[in-house]
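Work through the exercises below with the structure open. Each task is followed by a solution in steps.

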Amino acid sequence: MDQSMVRAFAGNFLGNAPLWYKKTIIGFLILNPILFYTAGPFVAGWALIAEFIFALAMALKCYPLQPGGLLAIEAIVIGMASPETVYMEAKNNFEVILLLVFMVAGIYFMKNLLLFVFTKLLLGIRSKIALSLVFSGMAAILSAFLDALTVTAVLIAVGIGFYSVYHRVASGGHHSHHDHDHGDDNKVTENSRADLEQFRAFLRSLLMHGAVGTALGGVCTLVGEPQNLLIAEKMGWSFIHFFQVMAPITMPVLFAGLCTCALLEVFGWFGYGAKLPDSVRNVLVEYDKEQDEKRTPSDVAELIIQGLVAIFLVIGLALHLAPVGLIGLTIIVLQTAFNGIVDEHRIGHAFEEALPFTALLVVFFAIVGVIHEQHLFKPIIDSVLAMEGQARTVMFFVANGLLSVISDNVFVATVYINEVKAAFDAGNLTREELEHLAVAINTGTNIPSVGTPNGQAAFLFLLTSALAPLIRLSYGKMVIMALPYTIVMSSVAVTAVWFFD
């Protein structure tokens, strides 16, 4: 083949990703079949997990869908998982897929209202500590009754809104210009570069406080996370009973999480503590003032419709009037119909943020399928089930936590709750022991999983969002910023689990 064509194919492979990254992915693709046919599927499966985590960690170098997808396709081709298993994993998580497709798009049409409300909030609260607590607390309350991915979508929309407003000014333009590429720093003036970096740090800290807040609230109630509902159904727990059973662990963890939030801002540890630069505040004040002055009756009517739809959204999710994705589709129809958005091109933009992550999530289900078919977690599960008393309960929490950090916490919870329910049905556990283990499984899959973006879908959504590269939020940065939360929340939770038992 002509050398120029060889270079063309090589250059097109993974696009603008660094050459070392491309070579690494090719190395993985060569290594996996060798491991599968020599060391066996168990070793090859764990290698695949490590490789997929690497792809996630390098999300700022290359979106993980392509390298992760190649790894997943190869795993299916060589027999580590079947297409039927991947389809079943996707089918079991169909509600999450619908949520991402429609709910995130629904939030997109609410961005003017969100920017209006959060601008008032940001400018009204000057204390960074108080603002961080508000972000974390609001995310926790909303996630307890709504959905962590929905709350994260709101945070992302707000973050992009704030960033784009200032970036236009920092690039020498006016904050009202809409044809600006806020991903291009080439036009940022020298005087604004330091403030832009500080603003990025400020937004990173707020977004991480909010993301952790979704975990703090999500663990508390039956509807907070998908695995909560799964565990409650297996145990026959009502909404109130679930909250009461979990409260001895979740309430101390919530308090410890909020205290950690405040301390991180006071001492500026782990990438926190950045203040809102005065120049940025001035731009946002001017933007807010100008928006108020030029707001027409049509604009006010649009905000009112968005506000009414937001109220419907909260009520619909809190009362579970329909699956989350269908509620998302409903708010798309309501907002576009009553605000005059009837062009297909304008509607299409709303889906640009969600669909790449939806595809990535299905690829992730393929990796989960490999874990399932190759029984990669079975040795850990068996060793924990063989224990007795308090040690077993604590080790259930620890094992669920560790596995959730590297895998999907819904999958881990499903495996463990099915195992302990089977043991109870076989007469090997008392009802009291079953309840203690169920509490350990729920808190174990929800709390330590904040340690990496792998464990929490909301964290992974934030990492792969359009906002992450803008504010320089990488996989490693997320792990570092989540570390103090992971240590404090997990330590408090495991201590509470010990005394609870």
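**Exercise 1.** In which hand does helix 8 pass helix 10?

Solution. The model is predicted: local features need pLDDT of at least 70, side-chain atom pairs count only at pLDDT 80 or more, and totals for chains, interfaces and linings use all residues. Residues are numbered from 1 along each chain as its sequence is written, and side-chain values use heavy atoms, with hydrogens and water left out.

Step 1: find the helices, which are DSSP runs (H or I, at least four residues) numbered from the N terminus. Helix 8 covers residues 128-145 and helix 10 covers residues 190-218.

Step 2: two packed helices are described by the angle between their axes and the distance between the axes. Axes are lines fitted to C-alpha atoms over the stretch in contact, with angles from 0 to 180 degrees between N-to-C directions. The axes of helix 8 and helix 10 come within 7 Å and cross at roughly 35 degrees.

Step 3: a crossing is right-handed if the near helix is turned clockwise from the far one by less than a right angle, and left-handed if anticlockwise. Helix 8 passes helix 10 in a right-handed crossing.

Step 4: the residues of this contact between helix 8 and helix 10 divide into 8 nonpolar, 10 polar and 1 charged. Here Ala, Val, Leu, Ile, Met, Phe, Trp, Tyr, Cys and Pro count as nonpolar, Asp, Glu, Lys and Arg as charged, and the others, Gly among them, as polar.

**Exercise 2.** Describe how helix 8 and helix 9 cross, and which residues meet.

Solution. Step 1: their axes come within 9 Å at roughly 145 degrees. The crossing of helix 8 and helix 9 is right-handed.

Step 1: Phe-135, Ala-139, Leu-142 and Ser-143 of helix 8 meet Ala-148, Val-151 and Leu-155 of helix 9, where contact means heavy atoms within 4.5 Å. By class, the contact of helix 8 with helix 9 has 6 nonpolar, 1 polar and no charged residues.

**Exercise 3.** Why does the span of helix 9 agree with its number of residues?

Solution. Step 1: the expected span is 1.5 Å times one less than the number of residues.

Step 1: helix 9 (residues 148-170) has 23 residues and should therefore span 33 Å; its end C-alpha atoms are 32 Å apart, which agrees.

**Exercise 4.** Is Thr-152 buried or exposed?

Solution. Step 1: Thr-152 is found in helix 9.

Step 1: Thr-152 has 1% relative accessibility, so Thr-152 counts as buried.

How values were computed:
Helices (H or I, at least four residues) and strands (E, at least two) are DSSP runs, numbered from the N terminus. Buried means under 20% relative accessible area, exposed over 50%, partly exposed in between (1.4 Å probe, protein chains only).
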